[in-house]
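This report is meant to be read beside the sequence and the model. Please keep both in view while going through the sections.

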Amino acid sequence: MNRNVTLSSESTRSKRMMLRLCRLILALCVATGMAHAQVPAAAAPQYVRASIEAETRSPAPGDVVTVAIVMDPKPGWHDYWVNPGDAGTPLELAWQLPAGIQPGPLRAPVPETLIVSGFMNHIYKSKHAFLVDLKIPNDAIVGQNLDIKVDARWSACSDLVCVPESATLSVPLTVGAGSIGKPDRTRFDAWRSALPVPLDRKARYALQGNRIDIAIPYPRSADASRVWFFAQSENLFRYAAPQSARRTGDWLIVSSEVKEPFAGEIEGLLRFNDAQGLDVRATPGDIPTGGAAISVLGKGAAIEGQETPFSFGWILAFSVLGGLLLNLMPCVFPILGLKALSLAKMGGDEGEARRDAVAYTVGIVLSCLVLGGIMLALRTAGEEVGWAFQLQDPAIVLLLLLLMIAVTANLAGLFEIGGIGAGEKLTRKGGMSGSFWTGVLAAVVATPCTGPFMAAAMGAALLLPATLALLIFAGLGFGLALPFLAIAFIPLLRKRLPRPGPWMIRFRQWMAVPMALTSLALLWLLYQLAGFSGVLIGGTAALILLSRLFELGRKQKSDAPRKIVVAAILGITIAAMLIIDNVPILAPAPQPVKNGSLAFDEEQLAALRAEGKPVFLYFTADWCVTCKVNEKAAIDRKETNAAFAKAGIQTMVGDYTRRDPDITRFLAKYGRSGVPLYVYYPPNADARLLPQILTVDDLTALSQ
């Protein structure tokens, strides 16, 4: 093996180290109110199928054999050119070759353009091939077997979401006479014809501010229309900027915009006519004037793709609105009670209320950024994870269980802690610190819930560049904190809060009830993920923690030293996490048949649709409170079951409690990063997405 093998193994080790680092960061986050994630196994490619072919399987010694990395996107999906544009990642290859064989540069076909939410992408939407030449050593022996392997990684994207995919491709070669069959020659010649042709002369460019004019040598006798310049030099051009073109003499001039002035040679590709292309190298020089205008490839839009109906501004607005509506979800209610108690305690102190609200907002926004950033990093590393991924890990659920137990004990008066205790006069630092961590807690427990307007925002976040995607997650957190910001900064709203009094103690004690119910729900989720072992570990750790918290409260009342008790509590938490971390996650259990429902299976879904049978498909999880509310309020109702039975509607259920790459990929097809998802497939018609908050009327109307 040559150096490529070493690079590949080093890349694998680096990836594992990165994933372990992500896991460590997440564990530390949960220990302080946030979360970590256990990495699932990488999923096989689905949306853009990759394969490898060789022009000949019997190259002669000293020959150059061309291999093709063939990419075949499913309808509605695409992959990327060598410079993907504003978003996406290109094809990456790590070769594993026998000693002496050297790969040449990757040669890519002429791409298309696609604008999504105002961002330009350079893509392929139909079957295509990247070509690479392999030089066979002169001293290769006839009959010698050459095992050609390559680890390939790419992004498969729709107009709404991107999914990282990968595959190890191989093709066996045997050194021989170097003969090429006619079918192979014809196929590879067709792929070569899709490649751009190197221009025999250098082009010239001139900058005036952010405007760039590129003069490309082009015979006046040759036709040229629908031109577009794809910059191969990265981070120089504004890819989505409109382009214009004109011809004068033996020159074709394309005008566009750059991010800022630069110097030196640039590389690119000129697309013209029907997907023909020229490889262009341009240096600074004079640009011919005058000439007649020619057509360009639309106004910076796709030749076949369509711009999505929502700009980034709308997507960001949806994320804020989705976060705002999360305050109405049952999973967030106990935390809102804590925050309302904190604001009421402040009375009319305007300055303290505003500082408290800002600290609360910072805690929420930072938590959403951390969770969103880790999710994006894991997906970039090739993992199939979605929103609320941390609740599919028993260690995370255990840490949240212990945290909820501690909050329940505090609200019940078992012990006091700065920032949560209601009767305690806090210092300014303590109050802001408590508000910050209450915000962290609100963000963590809100992740199992989704609401209207969140689906489009979360799906788009997986497609946008990382910086803009993180803005979407920040917008979600800002929306979640918005009601308390409004109360803190609008005096009229703040004056409507009840005055501090004895009611606060009773309210605090009552708020321990929903927190205790949340703890029981987390214990049930542990059972779903890790079976009886999970319940035994979680229940034992919870009981020991309660006894230590009681001891802490007793020492607080007597003013006795309590460092040993606090250390014991931390030790219990760490030990429990380490123990449960070694408990295997249960394989997804068969979905129990309920009212004639079927477990999710994409092939069976396709078969039912082919038969013309109507199907109601929904995805749920034991940690998704919104899902469970919808099931109780709308899905598992006699009226709904009767209407479905009368209309012959088949129900299909996907359980996302544990990680399931098949479900993750299916959710991505509909631009979702988490559950719930409700889809209705009418007979012989397109799928219909249903609201994320369901009613009986919504479902019975499907039978009409």
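## Overall make-up

The protein holds 17 helices and 24 strands, where helices (H or I, at least four residues) and strands (E, at least two) are DSSP runs numbered from the N terminus. This is a predicted model, in which local features need pLDDT of at least 70 and side-chain atom pairs count only at pLDDT 80 or more, while totals for chains, interfaces and linings use all residues. Residues are numbered from 1 along each chain as its sequence is written, and side-chain values use heavy atoms, with hydrogens and water left out.

Of the 704 residues, 52% count as buried, a term that means under 20% relative accessible area, with exposed set at over 50% and partly exposed in between (1.4 Å probe, protein chains only). The protein exposes about 31100 Å², of which carbon and sulfur atoms supply 59%; accessible areas come from the Shrake-Rupley method with a 1.4 Å probe, and for residues only the protein chains shown count as cover. Among contacts (heavy atoms within 4.5 Å) between residues at least 6 apart in sequence, 78% join residues at least 24 apart.

## A three-stranded sheet

Three strands form an open, antiparallel sheet in the order β4-β9-β10, with strands taken to pair if DSSP finds at least two bridges between them. Its edge strands, each pairing on one side only, are β4 (92-96) and β10 (162-174).

## A nonpolar surface patch

Val358, Val362, Leu366, Phe489, Ile490, Leu492 and Leu493 together form a nonpolar patch on the surface, with about 570 Å² of accessible area. Patches are made of residues with over 30% relative accessible area and no salt bridge, like charges being joined within 9 Å and nonpolar side chains (Val, Leu, Ile, Met, Phe, Trp, Tyr) within 5 Å; a salt bridge is a side-chain nitrogen of Lys or Arg within 4 Å of a carboxyl oxygen of Asp or Glu.

Helices α5 (350-380) and α10 (491-495) each supply at least two residues of this patch, and the largest share, three residues, comes from α5. Val358 lies in helix α5 and is partly exposed, with a relative accessible area of 38%.

## The surroundings of Ala406

Ala406 belongs to helix α6 (residues 394-411) and counts as buried at 19% relative accessibility. Apart from its neighbours within four places in sequence, Ala406 is in contact with Phe415 and Leu549. Ala406 and Ser519 are 113 residues apart in sequence, and their C-alpha atoms are 9.8 Å apart in space.
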